[in-house]
Amino acid sequence: MESFQFFGISTVAYILAMVAYISYLVSKNSTVGVIATTLTVGGFIFQTIGFGIRWAEFNELMQLGIIRAAPLANLYESLEFMVWCVILGYLLIEWKYKTRAFGAFITPIAGLALAFIEMSGMSRDLSPLVPALQSNWLLAHVLLSFVGYAGFSIAFAASIIYLALTTSNNRKSGAYIFWTGALGIFSIILVALIIDFLVFRVAGVTYGQTENHILEATFQSESGFIVLLSYIGSLAFIGLLWRYGGSIIKKIADSFSISKEMLDDVTYKSIAVGFPIFGLGGLIIGAIWAEQAWGRYWSWDPKETWSLILWFVYAFYLHARFLRGWSGPKLAIVAVIGFGCMIFTYLGVNIFLSGLHAYGTL
Amino acid sequence: MNEKKENQKENQNVVDKIVDKVWDFFTSIKLTIIILAVISLTSVVGSVVPQRAEPERTIGVLSGIVGEAFAPTAFIVLDALGFTAMFQSWWFLTFLFIFAANLIVCSIDRFPKIWNIIKEPIKPAEPDVLNLMSIKREAFIKGDIDTAKGKVELAFKKIGFKPQLHPESGSTQIVSEKGRYSRLGVYVTHLSIIVLFIGVIIAMFWGFHGGVNILEGTSTSVVYSFRDGKEIPLGFEVRCDNYDARFWEGTDRLKASESWLTIIEDGKEVKSKIVDVNRPLRHRGITFYQSSRGFAPSQDSLFRFAVTSVNGSKENVELKFGESFKMPGTNIKVTVADFSPALGIDQLGRLFTYNPDEMVNPAAFLEFRENDNLLHRQWILRRYPDTWRVQHGIVEFKDLWKAQYTGLQVRRDPGIGFFYLGSFLMTIGLHAAFFMSHRRIWVKISNEKGRVNVLVAASSNKNREAFEKKIDKLIKSLEG
């Protein structure tokens, strides 16, 4: 079997796990919970094997030595690796805090990345390294950057629940509206990508696997009626989320005895891991590599600039927390904004801005 | 006289007040938060607006954001405000300066307090102090104080702490600590940012960053500054002996982009190296980086072939466009009649030039003649050995030399040591600040009615739960 088949199986397992975690949250049926964990662990094992195989395939193709053959060279591989990191982080949390309740909130982040891979029709081929990427720094730079990204993603999930929990008694507060908006947009994009998948891949209205169909079944549809319907549906969803979301999440959290202290702890610890590791891997190692390859350790390239912005947002979080005594919803909002910056740093820069980091384009 | 003194005093007060005010301004965390936000937000604009680009390109990008109608106006406004070369603008540099000043002043302001904790090693504490510690445990051990002491010392070693004994009247304290200096992590991180800034400033004033294109077979002793386009003399000569781009098999994806460079000082060759993107050449503090390549053929460009005749005799030949050579050992004359820098073969087997500006897939068109009779004609593709086979032997197309130039970035940065020092300091600073903690344990052993009472107090400035677990392990090994 080839690597992409292992990745395919793990994708299916993670998507099913996401469904199982959400059902578990609603039903509290412990069998469902065990199934969810089993699927996640299974998917993780398959994905890990997939990476091993892909590494070997890449090494075979390039013959540049095993360290330089790390399969982290294009967007497809980096998204897969991002998912791998998030799932690993989640499994550690499930094991450490002995609760499956976070699964329903963290697996959708993996789900979103996988749905994006599926619907963008991005190339899954091995892309042999251009001279600029033929360096031992590649592995360290990408690996550590993504550990950072995974930490920030988990902090995002925990902060959203935190915000839902602490503001549920006041739907008119800014913080409540903020998290319903953020969670709403996140969920709508995820659902829209799943609808894309059902329409273009399952129902077979497809023109081949390499077509980009992002949001074409909903917001980007050819039919004006469907577009209108998508917007109305989204607004209705955010409205419902605003009206009932807080109380539902609070009820669920209470029934799983998830306290806000625990959520704050998860948020802080994820950032306390993500911030220094991203600083080291993304910024410092990135700069050292740039110095050695381009003769310029910092050139305000959009990717560099956004990485710095991202790092500053979390520096802001840490300083506000420790020196200004910020806590509660205010601080959690910073973690959610940080995640928005992270998505832009990772994907937005490559899609919307041009620059030196053009390897990760679609 | 008195009045003058009074005045002086008053002036002194005013100066003090101003200094205090400035100091307060720079020590405020509010300033930190504002300056982080300001740098971030302006950087967002700077990442969207193309930097130091052609106006046409910038206006094109702006059209996509504000619409075609407003794009030229938006460009004029952004250009006037400095957003089109933002990261070099005086106001952005001022933000960075304020950021650095804030960092330095805040660190100086807070440092003495932390230093007081750091310079004092752990010592026995009074019971009321022990009571304040966040982690407290108690255990009882049968036997006398000496056995208890031994047990505690062993338990300390088990969890990786070095015990220090302090006998007191009627009791003994055993104390230990770890990671006292990790409290410096934050300051080391801040210091590293300052060190990086110093490196940047040195590079700005005493370094240069420029570029140069060198045609194969030629040399240069100057490069051109990226800042103002001015010539910068190197003090030695650099020659490009050869440039070669290699591609991944079956694709036009670059695999290697190599320049054979030689340094010449006073007419003597002193150093040679094959430079590629991740393999720069350093000489006398100046570094040459592979950056780009270009195709500029001329009358002087030389075709290089390795020719093997059917009878086995071999020869290397070098000739210009339109010139001829003889197949070794025969009477057959071969002429280079045409050339293509990138010859492709379409599905019908037809040849076409697909990238006239780059030497991606060079091909030479050869005519074979004997006594002026045209025998046959053939395209020879450098990257396809199958095409080298001709009726009268093999003609390997080695290279078209003096047709490509290498694009080098050239830098002199006397502050580079600060960059590496800053990177190193930031790495250990972040590590100490986030992954280490100052952990302290005090154990008081005293006799209590035939058994020994062991009082454990401990504290950690970070990650208390993990340390608490360790302390529980210590208690367990005492009781066991």
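The model is predicted. Chain A holds 10 helices and 0 strands. Chain B and chain A bury about 4,100 Å² between them. The contact draws 48 residues from chain B and 48 residues from chain A.

**Chain A: fold and packing**

- Read from the N terminus, the elements of chain A run α-α-α-α-α-α-α-α-α-α.
- The radius of gyration of chain A is 20 Å, close to the 21 Å that the globule rule gives for 362 residues, so chain A is as compact as a globular protein of that length.
- Along the principal axes, the C-alpha atoms of chain A fill a box of roughly 60 × 55 × 45 Å.
- Of the 362 residues in chain A, 58% count as buried.
- Take the contacts in chain A between residues at least 6 apart in sequence: 75% of them join residues at least 24 apart.

**Interface: area and composition**

- Carbon and sulfur atoms account for 68% of the roughly 4,100 Å² buried between chain B and chain A.
- On the chain B side, B:Trp248, B:Asn278 and B:Phe434 lose the most area to chain A, together 15% of what that side buries.
- Across the interface, 14 residue pairs are in polar contact, both residues being at pLDDT 80 or more.
- Several elements of chain B each supply at least two residues to the side that touches chain A. The helices are H2 (29-48), H5 (90-119), H8 (185-206) and H9 (416-435). The strands are S7 (254-265), S10 (286-295) and S21 (404-412).
- H2(B) gives the most to this side, with 10 residues.
- The residues on the chain B side divide into 24 nonpolar, 13 polar and 11 charged.

**Interface: salt bridges**

- The count between chain B and chain A is 3 salt bridges.
- One of them pairs A:Glu291 with B:Arg282. Their closest N and O atoms are 4.0 Å apart.

**Buried residues**

- B:Leu184 sits in the loop between strand S3 (171-178) and H8 of chain B. Its relative accessibility is 18%, so B:Leu184 counts as buried; the cut-off is under 20%.
- Leaving aside residues up to four places away in sequence, B:Leu184 touches B:Phe111, B:Trp115 and B:Ile118.
- B:Leu184 and B:Phe111 are 73 residues apart in sequence. Their C-alpha atoms are 8.9 Å apart in space.
- A:Ser307 belongs to helix H9 (residues 302-322) of chain A. A:Ser307 counts as buried because its relative accessibility is 9%.
- With residues up to four places away in sequence left out, A:Ser307 touches A:Phe278, A:Leu283 and A:Thr345.

**Positive phi in loops**

- A:Gln63 has phi near 60°, a positive value in a residue other than glycine.
- A:Gln63 is placed in the loop between helix H2 (30-62) and helix H3 (75-97) of chain A. Its relative accessible area is 58%, so A:Gln63 is exposed; the cut-off is over 50%.
- B:Asn463 has phi near 50°, again a positive value in a residue other than glycine.
- B:Asn463 is found in the loop between strand S23 (451-460) and helix H10 (464-479) of chain B. With a relative accessible area of 40%, B:Asn463 is partly exposed.

Technical notes: Residues are numbered from 1 along each chain as its sequence is written. Chains are lettered from A and ligands numbered from 1 in the order in which they are written. This is a predicted model: local features need pLDDT of at least 70, side-chain atom pairs count only at pLDDT 80 or more; totals for chains, interfaces and linings use all residues. Side-chain values use heavy atoms; hydrogens and water are left out. Contact means heavy atoms within 4.5 Å. Buried area is the accessible area (1.4 Å probe) that two parts lose on being put together, summed over both. A salt bridge is a side-chain nitrogen of Lys or Arg within 4 Å of a carboxyl oxygen of Asp or Glu. A polar contact is a pair of N or O atoms within 3.5 Å; within protein, one must be able to donate a hydrogen and the other to accept it, and residues adjacent in sequence count only if both atoms are side-chain atoms. Helices (H or I, at least four residues) and strands (E, at least two) are DSSP runs, numbered from the N terminus. Ala, Val, Leu, Ile, Met, Phe, Trp, Tyr, Cys and Pro count as nonpolar, Asp, Glu, Lys and Arg as charged, and the others, Gly among them, as polar. Buried means under 20% relative accessible area, exposed over 50%, partly exposed in between (1.4 Å probe, protein chains only). The radius of gyration is taken over C-alpha atoms; the globule rule is 2.2 Å times the number of residues to the power 0.38.
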